[in-house]
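Here are some friendly notes to read with the model open beside you. Take the points one at a time and look up each residue as you go.

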Amino acid sequence: MASSTLYQNLPFLLKPVNPLYTTRPRPRPTGATTTTAYVAIRCGPRSNRGPLMKGRILSIEAINAIQTLKRAHKSSSTTPDYSPILSRLLKADLLATLRELLRQDHCALALHAFSAVRSEYHNPDLSLYADVAAALARNRMVEDLDRLIYDLEIDCGGGGIQCDDKGLIRLIKAVIGADRRESTVRIYEMMKRSGWGSTFEADEYVVKVLSKGLRRLGEERLAVEVKGLSRANLEKLSV
């Protein structure tokens, strides 16, 4: 009796299920595979120049000075006065500004920065001259390169240069690479006045580079003279 009553009331106990709330797995089409595509996005610079190097190399003051110099150079039809921008920089910031301008091949602005270095801090290192010379040679600013070597002779007081400096060979290579005969001879004359090859021994590698460069530039007599310094060194060692 109880079982029959339960059977009769079963339709009332079982409530219909709404098909909207059912979770059924979607059938996957036969033979189909799932793939994920990735699109590579590359962000390039807005111009050909390299980015400013921040951190330990460039301070905020140096970055601001570089940007101010560029704006002044771009907006003026004549050569503006850059000294107010450069004179307020400390030595480390001024040197960093110079090297960054050279790295970006802004040689016209770099020459103004280098002029500020020469006026504020006398007798810059020969390696700094070599950096400027390499940039000028790379950009074929040969007249400015000749003027740079002339200024070097003035800074040396008409005397010799530091021949034991590592910047010497880089300076010689830059001048010879730009085919500047007179400047190459001028450097050699300064080297001789410093006692290179007479008072102290001439470096063999410098002799090789300088003699080949002088010969290529048409200075055969000086090339033989420089080459003779190497033989003189060998004779001293044999004695």
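Where is the place of Asp 105? Keep that question in mind as you start; please also remember that this is a predicted model.

1. Asp 105 lies in the loop between α5 and α6. Its phi is positive, near 60 degrees, and the residue is not a glycine. That deserves a second look, because most residues other than glycine have a negative phi. With a relative accessibility of 33%, Asp 105 counts as partly exposed.

2. **Helix α5 itself.** Step back now to the helix that Asp 105 follows. Helix α5 covers residues 91-103, and at 1.5 Å a residue its 13 residues should span 18 Å; the C-alpha atoms at its ends are 18 Å apart, so the two values agree. The buried residues of this helix include Leu 94, Leu 95, Leu 98, Leu 101 and Leu 102, and Asp 93 and Glu 100 are also buried. What do the buried residues of α5 pack against? Their partners are α3 (60-75), α4 (83-86), α6 (107-120) and α7 (126-138).

3. **Aromatic pairs.** How many aromatic pairs does the structure hold? There are two. In one of them, the ring centres of Phe 114 and Tyr 129 are 5.0 Å apart and the planes meet at 85 degrees, so this pair is edge-to-face. It links distant parts of the chain, with Phe 114 in helix α6 and Tyr 129 in helix α7, 15 residues apart. Phe 114 is buried at 3% relative accessible area, and Tyr 129 is buried at 1%. Tyr 188 and Trp 196 form an edge-to-face pair too, with 6.4 Å from centre to centre and 90 degrees between the planes. Both Tyr 188 and Trp 196 are buried.

4. **A charge over a ring.** Look at Lys 91 next: its charged end sits over the ring of Tyr 121, 5.1 Å from the ring centre.

5. **Two arginines in loops.** Arg 140 is in the loop between α7 and α8 (142-155). Like Asp 105, it has a positive phi without being a glycine; here the value is about 55 degrees. Is Arg 140 buried or exposed? Its relative accessible area is 52%, so Arg 140 counts as exposed. Arg 180, in the loop between α9 (167-177) and α10 (181-193), is partly exposed at 23%. The side chain of Arg 180 makes a polar contact with the side chain of Asp 146, at 2.6 Å. Beyond its neighbours within four places in sequence, Arg 180 also touches residues including Val 142, Leu 145 and Leu 217.

Note on methods:
Residues are numbered from 1 along each chain as its sequence is written. This is a predicted model: local features need pLDDT of at least 70, side-chain atom pairs count only at pLDDT 80 or more; totals for chains, interfaces and linings use all residues. Side-chain values use heavy atoms; hydrogens and water are left out. Helices (H or I, at least four residues) and strands (E, at least two) are DSSP runs, numbered from the N terminus. The expected span of a helix is 1.5 Å times one less than its number of residues. Buried means under 20% relative accessible area, exposed over 50%, partly exposed in between (1.4 Å probe, protein chains only). Contact means heavy atoms within 4.5 Å. A polar contact is a pair of N or O atoms within 3.5 Å; within protein, one must be able to donate a hydrogen and the other to accept it, and residues adjacent in sequence count only if both atoms are side-chain atoms. Rings of Phe, Tyr and Trp (its six-membered ring) pair if their centres lie within 6.5 Å; planes under 30 degrees apart count as stacked, over 60 as edge-to-face and the rest as tilted. A charge sits over a ring if NZ of Lys or CZ of Arg is within 6 Å of the ring centre and within 35 degrees of the ring normal.
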